[in-house]
Amino acid sequence: MGFRQSHVLSLDEHTWVRQNVLRLRLAHGPRERNAVAVPRGEGQLDELSLARLALLLDVSPRELATRPEDLAARLREKLSHAAQLAGAEAEEDACTQAEAAWQEALRLAFPLFAGQAADFLARQALRARRPLDAITWVLRALTTPLGADAAHRSDMVSRLGAALMLTERYDVANAVLCSVADRHSPADSQVLIAHAASLLLQGRFDESVQAYSRVLEASGNLAPRAEAQAWIGYGAALGLVGNVSGVLTASLRVDEIRQRELMPDLLTGLNANELWCAALAAPWRDARRLILEVLHDTHDPFARANLYDTLVFVLCRGRDWPAVWSTCTEGLAILRQGGGGSRMLKARFLWARAVAARHLGRDGALQDREWAEDLFDLVGSRGHLSALPLWPDDPRSAGAASLLDGPDDALDLCQGVVRCESEPHRARPPLGFEP
């Protein structure tokens, strides 16, 4: 039986093979560089030698003899298709397509396309609230040429910080975001908002107010959603330093933006901020009644736990320690129903229950306090103690002013925001920041 003679490659194919081999050699690193010789003269390559080269470089002979621009166009088409699938809410198919593009880009040594695929997968993971997957993909994207571009790097670091906040490592998130938060251009608005949110979640409320103020200095150049997010976060920070009028002013600014742009999901943040205003400044019994009304129509475990946290603050204002103890216990049970819930909320409940038990002379106060302090240290948010009742034996409690000593005057909340039924309190990214 005879064998077909090996076909000699054309001049164009020979050029494309040289270009692809050079690119793949650089990508494969020093160990393989000496193992693959770049073909030199015209007419030296036939199908058999092409197959040997392809085997060494882990690509197909056809890919090796294809124009690099055509290989890149194929990757670009796959990423475009993934984006279309994501826009059609076919997230699983979109991720499958993007991951295939990422693997192919690595195999064919197109690191920029690999970075784009990894960044796309990080955004999808963040949207699906899978923070560990998001962190993995962001770190992969940062090691590609995409991470060397300042604008893209800022966006990716912003997503990395957002993912770390979802894991409740607020101190680590803040450290990451600080590396790019010194920029003040509108293009970096998401980084600055994320940085301000990380300060807020750490309990560094005064610094968070200042950080949100810097974002809003450029509010005329911000996109409507980013501006609304900044005002909601700013309102939350102002509420946590006791500035009730500032919170209501921020809510009015968000309302003005919402009149121009339809953003119903932002009502959750508005409701939370204004309920906190009631918790801070309304007569505590009126505030308790308002929160219980909202609780009656709220069924999501995480959202209920957040409302219980605000209710605990109100009960602490009224020094109703038996109710504080029982409400904290109920809040901890709700967190368990929500798949473990928030460790920061758990720490807040444990601390308030420990203070209540201490006032009541009940057992378990010291154990709850120790657990609370461990959790605050774990998530890097010990600053939240400034918005919680002081330990009864703490010498600072003598004459110390706190949010719990606010005036017992009625608060005129903005009608149409609190008690709005179109978006009842459901779980959302915390305090106005959405990645």
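Colleague: What makes serine 189 count as buried?

Modeller: Its relative accessibility is 9%, so serine 189 counts as buried. Buried means under 20% relative accessible area, exposed over 50% and partly exposed in between, with a 1.4 Å probe and protein chains only. This is a predicted model: local features need pLDDT of at least 70, side-chain atom pairs count only at pLDDT 80 or more, and totals for chains, interfaces and linings use all residues. Residues are numbered from 1 along each chain as its sequence is written, and side-chain values use heavy atoms, with hydrogens and water left out.

Colleague: Where is serine 189 found, and in which helix?

Modeller: Serine 189 is in helix H11, residues 189–202. Helices are DSSP runs (H or I, at least four residues), as are strands (E, at least two), numbered from the N terminus.

Colleague: Which residues is serine 189 in contact with, leaving aside neighbours within four places in sequence?

Modeller: Leu222 and Ala226 are in contact with serine 189 on that count. Contact means heavy atoms within 4.5 Å.

Colleague: How many helices and strands does the protein chain have?

Modeller: The chain has 20 helices and zero strands. Of its 435 residues, 51% are buried.

Colleague: Why is the pair of tryptophan 276 and phenylalanine 313 called tilted?

Modeller: Their ring planes stand at 40°, and the centres are 4.4 Å apart, so the pair is tilted. Rings of Phe, Tyr and Trp (its six-membered ring) pair if their centres lie within 6.5 Å; planes under 30 degrees apart count as stacked, over 60 as edge-to-face and the rest as tilted. A search of the whole structure finds five aromatic pairs.

Colleague: What does the pair tie together?

Modeller: Tryptophan 276 lies in H15 (residues 267–281) and phenylalanine 313 in H17 (residues 301–317), so the pair ties together parts 37 residues apart in sequence. Tryptophan 276 counts as buried at 10% relative accessibility. Phenylalanine 313 counts as buried at 4%.

Colleague: At what angle do helices H18 and H19 pack?

Modeller: H18 (residues 321–337) and H19 (residues 343–360) pack at about 150°, with their axes 8 Å apart. That makes H18 roughly antiparallel to H19. Angles under 35 degrees count as roughly parallel, over 145 as roughly antiparallel, 65 to 115 as roughly perpendicular and the rest as oblique. Axes are lines fitted to C-alpha atoms, for helices over the stretch in contact, and angles run from 0 to 180 degrees between N-to-C directions.
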